[in-house]
Amino acid sequence: MDEDRFEEVISDLPRSFNAPPPPPLDEMWGVIEDAHFNSPLSKLTSRSSFLTTPWLAAATLLVGIGIGALLPRAKPPATVPAPVAQSAVPRETSAVADAYRDQTHQYLGQAAALLISLPASDGSKTADSAFANKAADLLVTTRLLIDSPAASRDVKLRSLLDDLELVLVQIARLRNERSRSDLDLIHQAVEQGDVLSRLNSAVATTQSSE
Amino acid sequence: MNEAELIARIIEGDRLAGRALYDMHAPRVFSLAYRLSGDPEKAREFTQDAFIRAFSRLSQFRGEAAFSTWLHRIVVTVVSNARRNEVRFGREVALDEAHSIESTAAEAEPDLKESIERAVNRLSEAYRTTLILHDVEGYTHAEIAVMLGVPEGTCKSRLSVARAQLREALAAFKE
């Protein structure tokens, strides 16, 4: 193939390479609408509604309190000279990082426990509801952690949190609906994304850095 | 109603605004997902995942890039993650077969078309994605840089290498 023919091939790619079929717009919208607007979790999706919903605000507060409790107490105003005050800044920053790491570690452990005990397709309705509620709780923390400095600094953690977010949304939806295919899809998502082994690895990493 | 107003209304939970924004972007998103995956079922799943992720993070959209670029970046991420997982688990379908069955462009010469698809799919993920975004979907280097989170110069060099490898793969092709 000569250069001119190759240029023709390149310019023809929009027409010849994987030419898409008509998109199934209504079918796709049904799934998107159900996941985003019909789910009780849809209230979690916007920051404005997130902060105005009392129980979510409470959850945010709890995470904040958790982080705060792990931080060292502020020392009384000191007669300490300037050099000590300068070194207090990195120590505080490190304390915040430690607090995020502890919260992350705790969260990852809970997420792993949830996924490990995910019921098979023939599980009971009660079990579904309990799992869905736990998933909804963890989803709140997931979204807080996604926006946290811990995730912004760690690409692998961020990717894991993104995948976990989708899996947890699916599990939380079991509260409303239930079918064998739903659970199969969740198991498939967990398996394909290698979510559990990444979770275990992340738990081990955060544990070993403590 | 413009795009910014639609976004604001979706954040408030307005599903009609959601459908309106979806209608504006879904055909291009599906096209991109299909070009990258070569499979209609996967393209459907990737499109759904991308919109679900985008809607749940609309409040994080700052308007620094066009909404379409922000959305297409999510699509590229969703597809790339899925392809990485497929490769990791050795579950990649025989893309050559899938493409020859699913593709609808009958106009191109069948043998050449098949050779092009095979050659493109043998490129590494970064080169393949850049080539498809630029030469198939028509994005500019600036848009691709935002979508892939790399400097514009990197996109240009990736495209150049991708074309060189494609040229080499097709060099022996005789019509």
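Start with chain B: read along the sequence, its pattern is α-α-α-α-α-α-α-α-α. Colour chain B by secondary structure and you will find 9 helices and 0 strands. Keep in mind throughout that this is a predicted model.

Stay on chain B and show its surface. The accessible surface comes to about 7,900 Å², and 50% of that belongs to carbon and sulfur atoms. Of the 175 residues in chain B, 53% are buried. Next, look at how the chain packs against itself. Taking contacts in chain B between residues at least 6 apart in sequence, 59% join residues at least 24 apart.

Now bring chain A into view and select the residues where the two chains touch. Chain A gives 48 residues to the contact and chain B gives 57 residues. Together, chain A and chain B bury about 4,800 Å² between them, with 58% of it on carbon and sulfur atoms. Which three residues supply more than any other three of the area that chain A buries against chain B? Select M1(A), F17(A) and N18(A): they supply 14% of that area.

Keep N18(A) selected and zoom in. N18(A) sits in the loop between α1 and α2 of chain A. Its phi is positive, about 45 degrees, although N18(A) is not a glycine. Is N18(A) buried or exposed? The residue counts as buried because its relative accessibility is 0%, below the 20% cut-off for that class.

Move on to the charged pairs across the contact. There are 7 salt bridges between chain A and chain B. For one of them, select D163(A) and R53(B), whose side chains meet at 3.5 Å, N to O. Polar contacts can be shown next: 10 residue pairs between chain A and chain B are in polar contact, both residues at pLDDT 80 or more.

To see which parts of chain A make up the side that touches chain B, select these helices in turn:

- α1 (3-16), α2 (25-36) and α3 (47-52), each of which supplies at least two residues of that side;
- α6 (125-146), α8 (155-172) and α9 (180-192), each of which also supplies at least two residues.

Finish by colouring this side of chain A by residue class. The side that touches chain B has 22 nonpolar, 9 polar and 17 charged residues.

Conventions: Residues numbered from 1 in each chain as written. Chains lettered and ligands numbered in written order. Predicted model: local features only at pLDDT ≥ 70, side-chain atom pairs only at ≥ 80, totals over all residues. Heavy atoms only, no water. Contact = heavy atoms within 4.5 Å. Buried area = accessible area lost by both parts, 1.4 Å probe. Salt bridge = Lys/Arg side-chain N within 4 Å of Asp/Glu carboxyl O. Polar contact = N/O pair within 3.5 Å; in protein donor to acceptor, adjacent residues only side chain to side chain. Helix = DSSP H or I, 4+ residues; strand = E, 2+ residues; numbered from the N terminus. Nonpolar A, V, L, I, M, F, W, Y, C, P; charged D, E, K, R; others polar. Buried < 20%, exposed > 50% of the residue type's maximum accessible area, 1.4 Å probe, protein only. Areas by Shrake-Rupley, 256 points an atom, 1.4 Å probe, with all protein chains shown as cover.
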